[in-house]
Amino acid sequence: MKRWRGLRVYILKDKRAFIVLSVTKRTVNLAIWAIKVFESPMILTEEPDAKVLASPSLQASDVTDVEAEFVADPFMMFHKSKYYLFFEVLDRSTGKGVIGLAISNDGKEWHYDRIVLRESYHLSYPYIVETEGDIFMLPESTEAGRVLLYKATNFPYDWVVSHELIEGSYLDASVFEYDRTWWMLAGTAGGNLHLFFSDSINGRWTEHPSSPMIVSNFHITRPAGRVIAGSHGVYRYAQDSLPYYGTQVRVFEITRLSRTEYEERELNTIIRGSEIDADWRKDGMHHIDQLKIKDHCWCVAVDGHYFRSENYLKWRFKRFIKSPISDLRKVYEQLKKQNVGV
């Protein structure tokens, strides 16, 4: 998830007066994300009926242990007769993402549990995968400058970094196993799509000779959820980040995949904003996860958002007063560097 980075300050005759005037009049558009879970008879390769997206299954107000600005990026797992949903929670006190957990007995009614992973850097996109009896999470950790693989030591609550897979600031790394090989698709801030492969999920990863397959394209390069691979084919989902971040999701069928070849074709746009006033997904959708329950029955998790306008000063102040002392010191030092009269 992209976060709003703050106010650009222009130098005029009276810098502090300009900042006060600008901030008191300026508003910030906050993207308020929520999550919906529903059933489908098949994986989504075209838009679902709007009726199944009528209301969210999980939203910020359901989070009880931190003050959440939004919830997004859902990933599911079925384990020992229960459904587990991992997702990003934007903690308003720090402005950083942490990983939350909700649990369900039937995949329909979800109950928020707790925050299960937090770091000094922003976390989102908690990609869950199980292999050879181990459960791993691959959250986006772009701020750390590495793609980090976490392993569950006490599922679903305790996680430790088990391996550093790739060095670099990659977005929404998505792994999947196909044709006895592990594959990873990852985006970049420059609108590129990269592909890597490995003999095992925690082994040595090699960049594909065709990578990056797509460059400087913000419509189709950033991953938008779990890659679905099986006898039905291989499908990747991509965020369309134009005209703004979180607009819609497109699906592609990967038609040729080997350690030397890569081909794909676009199928459809599958989820998008409703453009209905007061709707929870009015302004866009940007993520999908799909979990096969049985033949002709899939559990699908998506997210969506609407923009809420708020006075910048009020929004910033609410974050300021809720920040821990260590974070307040960082804010103070940043303001000193900018010479903003502190």
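**Close-up views of a predicted model**

In β20, Trp-33 has His-305 as its bridge partner. All views come from a predicted model.

**View A. Strands β1 and β20 run antiparallel.** β1 covers residues 27-40. β20 covers residues 297-311. The two strands are joined by 14 bridges. The pair Trp-33 and His-305 belongs to this view.

**View B. β19 and β20 form a hairpin.** β19 spans residues 284-294. Its pairing with β20 is antiparallel and takes in nine bridges. Lys-294 is bridged to Cys-297 of β20. Two residues lie between the strands. His-296 sits in the turn, with a positive phi of about 65 degrees.

**View C. The peptide bond from Ser-211 to Pro-212 is cis.** Omega is near 0 degrees here. Pro-212 lies in the loop between β13 (206-207) and β14 (222-223).

**View D. The peptide bond from Leu-242 to Pro-243 is cis.** Omega for this bond is near 10 degrees. The loop that holds Pro-243 runs between β16 (233-240) and β17 (248-257).

**View E. Tyr-125 has a positive phi.** The value is near 50 degrees, in a residue other than glycine. Tyr-125 belongs to strand β6 (residues 124-131). Its relative accessible area is 1%, so Tyr-125 counts as buried; the cut-off is under 20%.

**View F. Asp-172 has a positive phi.** Phi is about 55 degrees, although Asp-172 is not a glycine. Strand β10 (residues 171-178) contains Asp-172. Asp-172 is buried because its relative accessible area is 1%.

Definitions and conventions:
Residues numbered from 1 in each chain as written. Predicted model: local features only at pLDDT ≥ 70, side-chain atom pairs only at ≥ 80, totals over all residues. Heavy atoms only, no water. Pairing = 2+ DSSP bridges. Helix = DSSP H or I, 4+ residues; strand = E, 2+ residues; numbered from the N terminus. Buried < 20%, exposed > 50% of the residue type's maximum accessible area, 1.4 Å probe, protein only.
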